[in-house]
Amino acid sequence: ADAIVKGMLEHSKRGSGQKQVTDINALAEEITQLSYDSFLAKNQKVRCDFQFDLDPKLPKLELIPQDIGKALLNLLNNAFYTVNEKAKEGIEGYIPEVLVSSRKTQEGITLTIKDNGNGIPNSIKDKIFQPFFTTKPTGQGTGLGLSLSYDIVKAHGGELTVSSKPGETVFEIALPI
């Protein structure tokens with residue numbers, strides 16, 4: 001109940017900070033390391049190979065770094081969670097992998113978080129951004145992380161999308177320049 005209430009309070013916050021000119025690559029690296037450290041603290045037996053493919057020529061964006069960081073953290077926590085769940089299955093030769101990449105597009109900047117976990121079934125893909133929807137066991141998630149991330153990206157004039165197939169999930173955050 002405590003986690004749900006805290007999640008609802010986070011979900012209801014709007015504009016928690018001031019917009020600042022931000023290096024999106026530096027933010028992505030910092031949040032990825034934070035998420036991975038948290039993952040390792042809870043899962044000392046599983047290591048994950050995480051990599052970056054960040055475009056060094058990206059312009060800085062005017063955004064609320066704490067909010068975009070929160071959205072990234074939710075997506076990365078889910079990525080590390082799903083690769084850990086797949087690792088627990090004991091599949092021969094499976095190496096958990098998370099890739100964080102950035103690129104400039106005609107419309108702005110796209111951040112991509114890709115994992116090689118179990119993937120998201122098509123039957124639930126249209127529900128994952130709804131508040132309180134979760135596939136995690138009771139006590140493991142509140143179902144607010146993706147919904148909150150979606151709202152944060154929308155508030156920044158961007159778009160959060162997902163594509164998935166068995167063994168791969170890709171979340172893309174498209175932000176305008």
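**Aromatic cluster and a helical threonine**

Ring pairs join Tyr36, Phe39, Phe50, Phe52 and Phe80 into a cluster. The model is a predicted one, in which local features need pLDDT of at least 70 and side-chain atom pairs count only at pLDDT 80 or more, while totals for chains, interfaces and linings use all residues. Residues are numbered from 1 along each chain as its sequence is written, and side-chain values use heavy atoms, with hydrogens and water left out.

Rings of Phe, Tyr and Trp (its six-membered ring) pair if their centres lie within 6.5 Å; planes under 30 degrees apart count as stacked, over 60 as edge-to-face and the rest as tilted. Phe52 is partly exposed, with a relative accessible area of 31%, whereas Phe50 counts as buried at 19% relative accessibility (buried means under 20% relative accessible area, exposed over 50%, partly exposed in between, with a 1.4 Å probe and protein chains only).

Phe50 also pairs with Phe80: the centres lie 6.2 Å apart and the planes at 85°, so the arrangement is edge-to-face. This pair links distant parts of the chain, with Phe50 in strand β2 (residues 49-54) and Phe80 in helix α3, 30 residues apart. Helices (H or I, at least four residues) and strands (E, at least two) are DSSP runs, numbered from the N terminus. Both Phe50 and Phe80 are buried.

Helix α3 (residues 65-87) also contains Thr82. Thr82 counts as buried because its relative accessibility is 17%. Leaving aside residues up to four places away in sequence, Thr82 touches Asp115, Gly117 and Asn118, where contact means heavy atoms within 4.5 Å.
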